[in-house]
Amino acid sequence: MKNRPILSALSLATALTLAHGAALAQAKSTELRYTSGAPPKGNPWVTQVERLVKEVDEESQGALKISPFFASQLGSEQDTVQQVARGRIDMGGFSAGSAALVVPEVALLLMPFYFRNVEEMDCVLDGPMLKPVTDAFAKKGIKFFGFGDVGSIEFFGTKPFVAPADLNGIKAAIYANKTQALFFSSFGANVNPLGLPEWIPAFQTGMVEVVMTPITFALPSGLTKVAPVATRLGLYDSPAINLMNMGTWNKLSKEQQAAFDRATAKNPAPLLRKEVRGFENVLYGMHEKAGGKIVTVAQEQRDAWRKALEPVYPQIVKETGGDAAGFYAAMEAGRKACTK
């Protein structure tokens, strides 16, 4: 009988230990893999993802964690965006061009000169186009959770390209997409579909004289050494598309979903764009300091490009695929709403 208090204490301690262990098991956090093609350091995209990781952890009190994989560790954007759609990767940030592999009509956001300026584009994306984009991805089993920014697409070449006639007879390298091919061919350029690693050798051999790409790729890749003239026309601003597999989202608890929404709300699209655009200006300064040339055109000159390209837009829409017609109608309505 004298041992009963000792046994009771041991039993209580054991029960408390088991209960604590059960509580820890219940509190075990959910981990999501995030894929990004961004270089591992020294750029705003890594900063933005790392900030999201921190804020999701804080808002969920550790119940939801994001593990980022940079520099295409999990595969190229073209591959990983489809893996997110299939649920093999939980989430990621993608260029609109890559996201268009699962929702083709998103490529219409990349039509050169379609938006009259970045302010109009920002207004359309953050307002009228939010629902069409969200719905289009939801139909593919993907949760769209916000726009970011890749950067402004400009001409990089061996000379300035300030007027449509400047492209006539020029040899242009393109990504493997119809929009860029139609753009260049409509102005009389000779189109060469080439992979990114082939661009520099193509300039060195004279096979190519111009490409359209952001400074965020051109300078770090060394492209500006062989294509030293940057013509800042603002062909188009390439939005980033942030996505999560819908099955992954639905498996999260309501509390985890709410925490994720609070964290993403702290990083709105205008903030993300501002950070990327500021980084672009730094890179252009570095380009100029290294001996590169920057040509900036007036709004009237840019408007002349848009006027010349307007007849091509219907053909681009027709060849895009998906619900391109409906998506384009929403873009048109969005532009009208943003010019009132």
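How many helices and strands are there in the protein chain? There are 15 helices and 9 strands, where helices (H or I, at least four residues) and strands (E, at least two) are DSSP runs numbered from the N terminus. Before going on, a word on the model: it is predicted, so local features need pLDDT of at least 70 and side-chain atom pairs count only at pLDDT 80 or more, while totals for chains, interfaces and linings use all residues. Residues are numbered from 1 along each chain as its sequence is written, and side-chain values use heavy atoms, with hydrogens and water left out.

Overall dimensions next. The C-alpha trace of the protein chain spans about 105 × 45 × 30 Å along its principal axes. Of the 340 residues in the chain, 47% are buried. Buried here means under 20% relative accessible area, exposed means over 50%, and partly exposed is in between, with a 1.4 Å probe and protein chains only.

Now to strand S7, residues 210-214. In S7, 5 of 5 residues are buried. Val210, Met212 and Pro214 point one way from the strand, and Val211 and Thr213 point the other way. Which strand is S7 joined to by 5 bridges? That is S4, residues 142-157, and the two run antiparallel. For reference, two strands pair if DSSP finds at least two bridges between them.

Two or more lining residues come from each of helix H5 (118-126), S4, strand S8 (229-245), helix H12 (269-289) and helix H13 (299-309). Which of these elements gives the most to the lining? Strand S8 does, with 6 residues. By type, the lining has 12 nonpolar, 6 polar and 8 charged residues. In that count, Ala, Val, Leu, Ile, Met, Phe, Trp, Tyr, Cys and Pro are nonpolar, Asp, Glu, Lys and Arg are charged, and the others, Gly among them, are polar.

The C-alpha atoms of Asp237 and Asp149 are separated by 7.8 Å, for residues 88 apart along the chain.

Next, helix H5. Glu120 has its place there and is buried, with a relative accessible area of 7%. A polar atom of the Glu120 side chain lies 2.9 Å from the backbone nitrogen of Arg116.

What does Cys123 form with Cys338? The two form a disulfide, with their sulfur atoms 2.1 Å apart; the cut-off for a disulfide is a pair of cysteine sulfur atoms within 2.5 Å. Cys123 lies in H5 and Cys338 in helix H15 (residues 324-338), so the pair ties together parts that are 215 residues apart in sequence. The torsion about the S-S bond is about -85°, so this disulfide is left-handed. The structure holds 1 disulfide. Cys123 is partly exposed, with a relative accessible area of 35%.

Last, two loop residues with positive phi. Phe113 lies in the loop between helix H4 (96-99) and H5. Phi of Phe113 is near 65°, a positive value in a residue other than glycine, and Phe113 is buried, at 0% relative accessible area. Ser72 is in the loop between strand S2 (64-69) and helix H3 (77-86). Phi of Ser72 is near 55°. Is Ser72 buried or partly exposed? Ser72 is partly exposed, with a relative accessible area of 29%.

Notes
A polar contact is a pair of N or O atoms within 3.5 Å; within protein, one must be able to donate a hydrogen and the other to accept it, and residues adjacent in sequence count only if both atoms are side-chain atoms.
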